[in-house]
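Hi,

Here is the structure I promised to hand over. Please open it first, then read my notes below.

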Amino acid sequence: MGKIIKIKKYSVPMEKLRWICSDDVFQFECTSDIEPLKEFIGQDRAIDSINFGLAVERSGYNLFLTGLTGTGKATTIKARLQKFLDEREAKGIKPNIYDWCYVYNFSAPDQPRILKLPQGLGKSFGNHMEELLKTLKEEILKTFGTEEYNKKKQDVIEGNQRRYQEAMDELEREAAEKNLMVQLSHLGAAVVPLFEGKPMSREEFLKLPEAEREEIEEKRLEMMKKVDETYTRLRDLEKVISEKMKENDIKAGEFAIARPFEDMFRKYAEYPEITNYLKEVREYTLSKLDLFLQTPAPPQSPGIVPVQQADPFMAYKVNVFVDNSSISGPPIVIEPNPNWFNMFGKIERKALMGTYLSDHTMIKAGAVQSANGGYLIVSIRDVLLNQGVWEGLKRVIKTKEVRVEDPWEQLGYFTPQAMRPQPIPVDFKIIVMGDDSLYQMLNLYDEDFWEMFKVKADFDSLMKRTDANLMAYACYIRSCCDTELLLPFNRTGVIKVIEHSVRSAGDQEKLSARFGPLRDLLIESDYWARESKSQEITGEHVEKAVKEKIHRLDLIAERMRQMIGEGTIMVDVEGAVTGQVNGLAVYDLGIFSFGQPNRITAKTFLGKRGVINIERESQLSGRIHDKGVLILSGYLGWKYAQDKPLSLSASICFEQSYSGVEGDSASSTELYAILSSLANLPIKQNIAVTGSVNQKGEVQPIGGVNQKIEGFFDVCKAKSLTGDQGVMIPHLNIRNLMLREDVVKAVQEDQFHIYSVKTIDEGIEVLTGMPAGMRKADGSYPKDTVNFLIHKRLREYAKKLKGYTASEEK
């Protein structure tokens, strides 16, 4: 009975086992009676950082939002961004937003030209260019089909034919006078002699006397010279006629296009970029009048696939690359899939006659171009996972311009018909979201990072449990009911949600700021309320939602409890064993974690190796766990080796552990096992232990305290509660307790116990029922204490080792 009384002083008070939300905090019966939440709660630091980053319009002041998933980064930045823009609009600050259009570059067709136009003008300009092309086709055909133009054309042609005929007649007449004839063929002109009015054959010519042949040849050569002169004169005449025809065509073309172009110049007189482009289009039109006079191809027969051809009027097409006509403020672009093409645009291609062609109308904008003059929001994780995107984004920030180009070219791959569109100057603010580890990694390894993201907005996963925040939580629940179309929560339902939030935070004085999982809980509670035909969501429905979610996820935990109950995994919850302690571990499965007891054993013997960690020797332990074990040697030396060498070898082991062990939360447990083995004192198996330790013997707080207690409770419950079972935790973890109601009830009924200790000495008293013993001035310990037995055993080890060493030396 004395032992029980001795450890009762370490029991955790009932009111400390679970924080219970009071009904008096809320003055409403149902969430329908309160207003929805209008402001974000618990993120004051992050919101201040966001406001600062948005207000500073300088190079490099982009925002990096860090925090755990579900802390509301995306929702917060969108809401704060909209509020910031509304405030600027109220102050009369107008954003600089433009439309961007790619047009044909007449001087370098493979480098499409970019036009910067006022917001909303790009689409209308493109439509006007379509109308201009249609009007040009009609007017040019009409003008070139008039009687006046045809008469002028015919007069020029007839004049040319008349001069040609006169020259040929004169040539034939002169040849006839010399008894010669000019013959015309596709190979050119030939002069042949005549005999009796008919061309002389070669045989007849050779039969003539030599003197006569020489005379004829002399005349023929003289005549050929005349023929050449005549043909030269005719070619010059053709050039003159062609120039006159071209001059007539240009005059007719100028007449035909004058009015359409005058209308365009008048509409866009205030925009020099457009007027300069229109001047080039006008000159191009006059040089390509034949395009408008070509006869259209006849329609294809049914079933025949027409052969695609390049558009001859491509120079008149306008690619409205970025159209901001439909937005009222700066663009806010959220890119969920930031691959290269989605971020920086792409150049599409089409197959034509066995190859691939592209033009300026096939250039497509990406998120960067669409966000120009506004804000771009991306996930840093998605950016880093897409090859080349991070470097491309940094290049855009540095140069303040973006090019539409193929990423394959940068990797050395061949790309068909590569175009190099003119770059677009950009001015926008980038907002990236990610966890803090990525921020630290980039800040450490990327030398350009700090110059580009000078504002960090850190979203906290916790917030203080104040009455104001509790009320704000209730208002948030009301907001979710409105947005997700949920049933209203009554007061008990709100209280259970808040208590669950405190448990999720792992601190009785904190609330969870991860509103994503909280929203899931509200939705699932609504489901169970509707299943029960309730008109509102109560605390029972919230508890049902929590239990059902755990049931969906705890298959592995249930199997492990079954194996413990069957004895496959050996865990004792009754009796006492020397050098054996029930440690507690947390198994993290992502969205679900649970605690389970693990048997930890220690064996001590004479030697000099100190504490041997079997997990470390078998490469199954992590660095933090190894550190925790090394601390044990420091504690043992400080505590017991002030007057003698520490002549000890001790092996510790996580029994039946076949995977990695990490963390130092079992270091105190391992130390208790070593002390038990040294003192040859059995340790109560009905008490499980958790807590780390430092070299001074102070028990330090650990994580997952609720899961660990509940895990051992479930095992004891499965094996049958005896009334003396419990868990010993660090005293500093009391504020983290938010135990399940069934555990609290078992403690209240004296069926289960929670103890807290500050030092190893206090812990060994709870586990052995024997006083630890305080060191006296002479360095010794009182008899009938744990430390006395340990001190005695270590002194025996030292003497034996000394004697053994001396005998070996002899």
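Start with two helices, α25 and α26: α25 passes α26 in a left-handed crossing. Keep in mind that this is a predicted model.

**Helices α25 and α26**

α25 covers residues 705-719, and α26 covers residues 741-748. Their axes lie 11 Å apart. The angle between them is about 65°. Angles of 65 to 115 degrees count as roughly perpendicular, so α25 and α26 are roughly perpendicular to each other.

Which residues of α25 and α26 make the contact? From α25 come Ile709, Glu710, Phe713 and Lys717. From α26 come Asp742, Val743 and Ala746. Sorted by class, this contact has four nonpolar and three charged residues, and no polar ones.

**Helices α23 and α24**

Now look at a second pair. Helix α23 spans residues 623-640, and helix α24 spans residues 667-679. They pack at an angle of about 45°, and their axes are 9 Å apart. That angle makes α23 oblique to α24. The crossing here is right-handed.

On the α23 side, the contact uses His625, Gly628, Val629, Leu632, Tyr635, Leu636 and Tyr640. On the α24 side, Ser667, Glu670, Leu671, Ile674 and Leu675 meet them. By class, the contact of α23 with α24 has eight nonpolar residues, three polar and one charged.

**The second largest pocket**

Next, find the second largest pocket. Its volume is about 890 Å³. It is lined by 38 residues. Closest to its centre are Glu57, Gly373, Gly374, Tyr375 and Asp427.

Which helix or strand gives the most to this lining? That is α3, with five residues. α3 runs over residues 73-90. β2 (98-103), α13 (389-399) and β16 (429-434) each supply at least two residues as well. The lining of this pocket has 18 nonpolar, 10 polar and 10 charged residues.

**The cavity**

How many cavities of 30 Å³ or more does the structure hold? It holds one. The largest cavity has a volume of about 40 Å³. Its lining consists of Arg403, Val404, Glu405, Met419, Arg420 and Pro421. Three of these lining residues are nonpolar and three are charged, with no polar ones.

Best wishes

Conventions
Residues are numbered from 1 along each chain as its sequence is written. This is a predicted model: local features need pLDDT of at least 70, side-chain atom pairs count only at pLDDT 80 or more; totals for chains, interfaces and linings use all residues. Side-chain values use heavy atoms; hydrogens and water are left out. On a 1 Å grid over the protein atoms alone, a cavity is a set of points where a 1.4 Å probe fits but cannot get out, and a pocket is an open set with protein on both sides within 12 Å along at least five of seven lines; lining residues have an atom within 4 Å of a point. Grid points are joined across faces, edges and corners, and a volume is the space filled by probe spheres set on the points. Helices (H or I, at least four residues) and strands (E, at least two) are DSSP runs, numbered from the N terminus. Ala, Val, Leu, Ile, Met, Phe, Trp, Tyr, Cys and Pro count as nonpolar, Asp, Glu, Lys and Arg as charged, and the others, Gly among them, as polar. Axes are lines fitted to C-alpha atoms, for helices over the stretch in contact, and angles run from 0 to 180 degrees between N-to-C directions. Angles under 35 degrees count as roughly parallel, over 145 as roughly antiparallel, 65 to 115 as roughly perpendicular and the rest as oblique. A crossing is left-handed if the near helix is turned anticlockwise from the far one by less than a right angle, and right-handed if clockwise. Contact means heavy atoms within 4.5 Å.
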